[in-house]
Amino acid sequence: MVVGASAAGLAAAETLRREGFDGTLTLVGDEPHAPYDRPPLSKQVLSGEWTTRQLPLRPCADLDALGLDLRLGIAATGLDLADRTVRLADGSRLPYDGLIVTTGVRPRRLPGDGGAHVLRTLDDALALREKLTPGCRLVVVGAGFLGAEAAAVAWRLGVHVTLLEPAPVPLAHAVGTEVGRVLCQVHLDRGVELRTGVTVAEVTEEGVRLADGEVVEADEVLVAVGSLPGTEWLADSGLTVGDGLVCDEYCEAAPGVYAAGDVARWHNPLFGTSMRIEHRTNAAEQGMAAARNLLAAPDARKPFAPVPYFWSDQYDLRIQAYGCLRGHDEVTVVEGDLGERRFVAAYRTGERLTGVLAVGMPPKAVRAWRRAIAGGAAWREAVPAGGTEAA
Amino acid sequence: MRVELDVPKCVASGQCVMAAPDVFDQRDDDGVAILLQEHPGEELLDDVREAVAVCPAAAIRLVER
């Protein structure tokens, strides 16, 4: 059984079938839609370039061919490890022999934000799109990648956008101060208002109220302040939950129970650390890995040791990153130039090259850096002297 | 088998090139994927399946016969 019917869950289900599992395969999802792709929600769906017809992860025929017991629009509400059953919101209890948890994340909320938008599901995106009419005032709370993408789309639609961000430089904790400045400058260039160092206390009828009492007026408010893993349904299960469902390097949380995608916190041996990754590519790769390990004999399982990857589109910028950027000790521009918005920045953690972030560079150049990260390259060997330190 | 690439959906991640380098490449200017062979040999089936699975834009489809 696979609980969670988005990218990770679908990848797990497909892999189980491809690897020869021909028993009953139940895929449970809390949304009513067939598995669809989320990254376009804050891009082509919000802008109206795409219709919902372009969103399904697989054509109907391919989904049908998997022979799934597909339970959509029904959330899982509980797990009994001893009985090996999953409880669903419609009151049913489904037995399983093996389980893969792919319940993703849900948006973090703010006080009073019942009337505000969040952006996680297709329904969220369609509701926001409908409101983004030229001249309307949108406040985006949180200038992370999601907030920044939504701001870029809204600006293009003729909306007056204000981005509110508690940190002095958006994304600095992830990408470093200098790269963070470059990434937020693209908003300022277009007249998007960016206010940093401001904390939003609550969402109100008029807009949002800041911690110092000031009210920033808005017609629509988008709250993009991060997410929480979808683990509530596991609270009394006995599984270890701590910012995600805690798994070992095989993505196993308990005998016969695996996890993948945004919800999974697992030990990545490539970096020697526990991580939880909310990236589209990880969902698919980890779904496949968890499924293979679930079917494998105990001594044939493989640790899941990926180089994380994400991309973000904002205006004409395509940002791509490999590896682990957070918690880095040093950032150096190793190719190109920050000012030209065409560069590769390398990230050092300890003595290793642990990540790169590229803007506007040829793909082959970026792939070479990925290989270095995957090989566990030492910083001194991978990064030639003469790079420009970028704080 | 036949491979279909939905070019407008491609997000230029290059995941397909890493999974199946004999079947996919990327344009130098914007990284968008290029289909090198529409009918790859059976020996490439596993690579193509991997590419379909890891594509973050669901832009590749494999039609097996």
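**Exercise 1. Find how many salt bridges cross the interface of chain A and chain B, and work through one of them.**

Step 1. Apply the rule: a side-chain nitrogen of Lys or Arg lies within 4 Å of a carboxyl oxygen of Asp or Glu. Across the interface of chain A and chain B, this gives 4 salt bridges.

Step 2. Take one pair. A:Lys364 and B:Asp28 join their side chains in a salt bridge, at 3.3 Å from N to O.

Step 3. Know the source. This is a predicted model: local features need pLDDT of at least 70, side-chain atom pairs count only at pLDDT 80 or more, and totals for chains, interfaces and linings use all residues. Residues are numbered from 1 along each chain as its sequence is written, chains are lettered from A and ligands numbered from 1 in the order in which they are written, and side-chain values use heavy atoms, with hydrogens and water left out.

**Exercise 2. Work out how many residues each chain brings to the contact, and how much area is buried.**

Step 1. Count residues in contact (heavy atoms within 4.5 Å). Chain A gives 25 residues and chain B gives 23 residues.

Step 2. Take the buried area (accessible area, 1.4 Å probe, that two parts lose on being put together, summed over both). Chains A and B bury about 2000 Å² between them. Carbon and sulfur atoms carry 50% of it.

Step 3. Look for the main contributors. A:Arg18, A:Pro363 and A:Arg367 supply 22% of the area that chain A buries against chain B, more than any other three residues.

**Exercise 3. Sort the lining of the largest cavity by class.**

Step 1. Sort with this rule: Ala, Val, Leu, Ile, Met, Phe, Trp, Tyr, Cys and Pro are nonpolar, Asp, Glu, Lys and Arg charged, the others, Gly among them, polar.

Step 2. The lining has 11 nonpolar, 3 polar and no charged residues.
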